[in-house]
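Hi,

Here is the structure I promised to pass on. Have a look at it first, and then read on for what turned up.

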Amino acid sequence: MPSEKGSSMIYRELPNPIICVDQKCTLDLYVRIKNDYRLFAARGAVFTLEHSRLFRANNINLYIKAKDHETAEKHLNSYLTDILTDPQVDPKAKADIVYTASVQSLRRIFQGMNKEAIAELEKTSENIAKTILADKRVIQELIKINSHDHFIYTHSVKVGIYGTALCINLFGDRISEHNINELSTAFLLHDIGMAKVPNKILDKNGPLTKQEWEVFKKHPTWGHDKLMKARYISKESTAIVLYHHERCNAKGYPFMKSGRDIPVYAKICAIADTFESLTSLNPRHKSWSPFEALSVMQQEMSEEFDPNIFKAFIMVL
């Protein structure tokens, strides 16, 4: 295939699972080889199931020209809504789609929080909520996902999905009283303050020193400040980001709040965040199975969490 060179040409990555398999491409699709973009499939070509499997097996990404982004967004959002709410689609495929789209949206947020990136994340959050409402089996498939993405992205995405599922289960018939799309966005953003934590701390193998731990504990306030500077200041978002490490027994941080002083959405995020941290592949500790993580949370950390919310989380899993 001919290459597309030139510094003036800008490309945007597409999540592979949401390319329409066995349908004609509506846009030119490119692959990246080092710093060179090469045309893979021209508009009108058919992207086959074999292509999809090959790309996913080899972790190859597809790209479009930035000028086609708006057209692609409209097409992909329509396609996403259809496939994520289709009961005939395998829940594993739905989990892959939600996860991949979420990681890409979060990566852009961590690189720079702007209106475009936030709007993209909000659309991703809407798709997460739609998927869970339509097919709760997706949660089980998401638990199984092991990714080569940086653990911060993987962690944030899974906390976003667990938090959304927990809200839907906890509030039940009253879910319409809560802005679930905004809450899902806030859960995804809960660790946005990590963008300011030095990589030598984030990627460190083994326990942090006292000094490193003090730096690490600043990420909720750094995240809150980042939202304020971006003028993304919904009450739910700021509360979740600022208070998701507070604990009911007043042994959390940064303000050592307790019980009713902690907003309910932050309590939800605390449970989702802890479970994901215990079960994730993290450079600082071993990963537990979901059953082991729930057992530890129930037996050793019970005073940290709201008991009613924790019971609802067990029902989600």
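Before the strands, a word on terms: strands here are DSSP runs of type E with at least two residues, numbered from the N terminus. Please also keep in mind that this is a predicted model.

Let's begin with a hairpin. Strands S4 and S5 form it, with 2 residues between them. In the turn, Lys 34 has a positive phi of about 55°. S4 covers residues 29–33 and S5 covers residues 36–41, and the two pair in the antiparallel sense over 5 bridges.

Next, helix H7 (residues 180–188). Because 7 of its 9 residues are buried, H7 is largely enclosed by the rest of the structure. The buried residues are Ile 180, Leu 183, Ser 184, Thr 185, Ala 186, Phe 187 and Leu 188. What do they pack against? Their partners are helices H3 (91–111), H4 (115–134), H6 (151–171), H11 (235–243) and H12.

H12 (residues 264–279) comes up again in the confidence values: mean pLDDT is highest there, at 96, and lowest in strand S1 (residues 3–4), at 46. For the protein chain, the mean is 85, and 89% of residues reach 70 or more. Over residues 1–8 pLDDT stays under 50, and the model has 16 contacts beyond four places in sequence for that stretch.

Best wishes

Notes. Residues are numbered from 1 along each chain as its sequence is written. This is a predicted model: local features need pLDDT of at least 70, side-chain atom pairs count only at pLDDT 80 or more; totals for chains, interfaces and linings use all residues. Side-chain values use heavy atoms; hydrogens and water are left out. Two strands pair if DSSP finds at least two bridges between them. Helices (H or I, at least four residues) and strands (E, at least two) are DSSP runs, numbered from the N terminus. pLDDT is the predictor's confidence in each residue, from 0 to 100. Contact means heavy atoms within 4.5 Å. Buried means under 20% relative accessible area, exposed over 50%, partly exposed in between (1.4 Å probe, protein chains only).
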